[in-house]
Amino acid sequence: MLLFRLAQNNRKMPNRQKFISEFLVAKGIVNFKQLQQAKLTQKRTQERIEVILKNVSDIFNENLSDLIIEELSLSFVDGMKFSKSTELLETVNSFFANRFHVFPLKLEGEKLILGFVNPLNFLSLEFFSDIFGFTVKGELITKKQMNGLLNKYYPVEAEKITQVNNPQEQDDILPEDEAPVIQLVSMLIADAYQKRASDIHVEPMYDKLRIRYRVDGLLAAVQSPEKRLQAALISRVKLMAGMNIAEKRLPQDGRIRTVVNNREFDLRVSTLPGHYGESLVLRILDRRIINIEEVGFSESQLKSFKKVTNMPNGIVLVTGPTGSGKSTTLYAVLNSIDRSKKKILTVEDPVEYQINGINQVQVRTKIGLSFSRVLRSMLRQAPDVIMVGEIRDLETAQISVQSALTGHLIFSTLHTNDAPSAITRLIDMGIQPYLTAATVQAVLAQRLVRLLCPECKQEYRPPKDEVKILEIDPDKIDEYKLYQAKGCAHCSFTGYKGRTGIFELLILDEQIKGLAHEHVSNTVIREAAREKGMITLKEHAKEKVLSGLTTFQEVVRVTQSDID
């Protein structure tokens with residue numbers, strides 16, 4: 001009779017949470033106190049409610065969900081009838097959706113309608129509300145439909161992150177009531193890694209805590225925890241990174257070594273004191289170093305660049321703005337050199353990737369270990385190849401030039417917009433034109449463009465203005481297949497997945513060296529190089545579009561022009 005009454009009440013009233021609680025108590029599965037304790041435990045551990053109830057109940061039934069549905073006559077909704085906007089799907093991350101078997105169905109202002117398979121999740125509405133930052137209303141959908149939705153819109157499940165560097169010792173430092181923050185940070189890192197993010201930005205605001213991922217070079221906001229968790233979250237990350245959690249007035253740097261899906265990688269952590277709290281940036285450093293063939297060179301560029309990197313001496317510069325992939329290219333170059341026959345040294349700030357067989361030194365300005373000081377000491381180590389993270393000042397530039405003159409091959413970076421500008425930049429820094437001409441062998445300028453998602457890219461016929469800019473013969477337009485970004489679950493609905501480089505390789509032959517010696521303008525050097533066959537950044541970008549690898553709009557965004 002009790003179950004019949006509960007079922008009847010359930011048809012009249014929407015409070016299924018109350019009736020399921022009464023059902024569990026009436027059946028003797030748990031008592032009221034255990035039920036309340038289970039909810040508190042879930043908030044603390046972020047564990048599934050059925051797992052918690054199973055631990056406290058002696059008669060917990062594996063088929064309890066089906067029994068509740070049958071006894072209380074709970075109804076199902078059709079999850080396929082709800083629209084699946086990008087805004088809606090971003091309210092729940094893939095890690096959480098797969099772990100708890102939930103799916104967002106509808107967003108109505110501050111109310112999120114969440115699809116469940118397990119009716120016990122109705123007991124956790126408050127828990128889900130805290131996690132997602134919305135008032136949550138639950139609806140039941142079938143297991144078959146849930147599996148279909150998760151496979152389509154959240155196709156990859158990220159495993160729970162595990163730490164490598166004494167995780168138990170670190171966790172013991174935190175009191176038990178901070179366990180949810182441990183889970184939150186783990187989930188955040190796992191989710192970012194799954195979405196191929198290069199950075200996690202944790203940014204305190206006046207009334208909220210904003211979290212953003214940088215994916216394929218662009219920042220996008222993701223589901224963020226409540227403002228009240230800000231201090232605990234930041235302290236947790238600082239503790240994992242070996243920072244001083246009590247110091248909040250000064251910037252700090254640290255490092256975390258982690259594992260996700262049995263793949264080990266590093267996180268470089270940086271803090272910056274702000275008006276509303278410390279801002280955190282976690283740079284995700286995948287430990288796999290790509291091969292030089294994978295960075296995106298054209299066939300002719302790759303052949304020429306490989307020849308340059310095998311020279312016995314000289315300076316090879318890689319230029320571009322921050323985030324253009326300069327370090328990735330240099331690491332790929334070092335990885336391609338036969339380390340068994342050559343001694344390779346690097347001076348970096350910081351050391352991002354560790355390569356076996358190479359001696360790498362990190363700059364530490366606080367103790368006077370600068371680029372120039374390390375470089376001077378390196379020369380006494382009799383190296384064949386030296387990689388200087390960046391030429392920032394005249395002293396570092398002078399030592400690099402002297403090293404090249406004395407038989408060393410130097411790789412380094414500069415912040416210039418194109419390859420010819422690197423020549424005049426060195427001269428403007430104070431290097432004599434004749435020394436620049438004598439030592440610089442090549443300059444590689446680069447950018448990164450996003451690759452079209454192969455799962456959803458859509459062929460289209462370009463309008464006349466694009467055809468003109470891409471220099472396509474209108475009569476031969478059908479010979480090319482151009483694509484535009486669409487968006488699907490495999491690319492987080494951006495239309496792009498991964499990045500590739502576009503390059504401008506300037507080889508300093510005798511003519512170009514002569515122009516550098518004369519200290520002519522960038523324009524003169526550029527025109528001379530183009531006459532000799534140098535492909536410019538814009539020309540290489542056009543090739544990527546015509547090859548169907550990226551879009552016209554993406555190239556315009558990266559080159560900041562109309563590709564004229």
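1. Basis. The model is predicted, with local features needing pLDDT of at least 70 and side-chain atom pairs counting only at pLDDT 80 or more, while totals for chains, interfaces and linings use all residues. Residues are numbered from 1 along each chain as its sequence is written, and side-chain values use heavy atoms, with hydrogens and water left out.

2. Main core. A nonpolar core here is a set of buried Ala, Val, Leu, Ile, Met, Phe, Trp, Tyr and Cys residues joined through side-chain atoms within 4.5 Å; buried means under 20% relative accessible area, exposed over 50% and partly exposed in between (1.4 Å probe, protein chains only). The largest such core has 79 residues, and L24, L53, F96, L120, F128, F132 and I200 have the most contacts inside it. Helix α11 (residues 179-194) contributes the most, with nine residues. Helices (H or I, at least four residues) and strands (E, at least two) are DSSP runs, numbered from the N terminus. Another core, of 54 residues, lies apart from this one and includes A422, V449, I472 and L506.

3. F96. Contact means heavy atoms within 4.5 Å. Leaving aside neighbours within four places in sequence, F96 is in contact with H101, V102, F127, F128, I131, F132 and M187.

4. L285. This residue of strand β10 (residues 277-286) is buried because its relative accessible area is 2%. Not counting residues up to four places away in sequence, L285 touches R255, F265, D266, R268, E352 and Y353.

5. Open sheet. Seven strands with mixed pairing are ordered β13-β12-β14-β15-β11-β16-β19; two strands pair if DSSP finds at least two bridges between them. The edge strands, each pairing on one side only, are β13 (359-362) and β19 (496-507). Strands β12 (residues 344-348) and β14 (residues 385-388) pair in the parallel sense over four bridges, and L345 has I386 in β14 as its bridge partner.

6. Helices α2 and α3. The axes of α2 (residues 16-26) and α3 (residues 32-45) come within 9 Å and cross at roughly 130°. Axes are lines fitted to C-alpha atoms, for helices over the stretch in contact, and angles run from 0 to 180 degrees between N-to-C directions. The two helices are therefore oblique to each other (under 35 degrees is roughly parallel, over 145 roughly antiparallel, 65 to 115 roughly perpendicular, and the rest oblique). Q17, S21, L24 and V25 of α2 make the contact with F32, L35 and K39 of α3.
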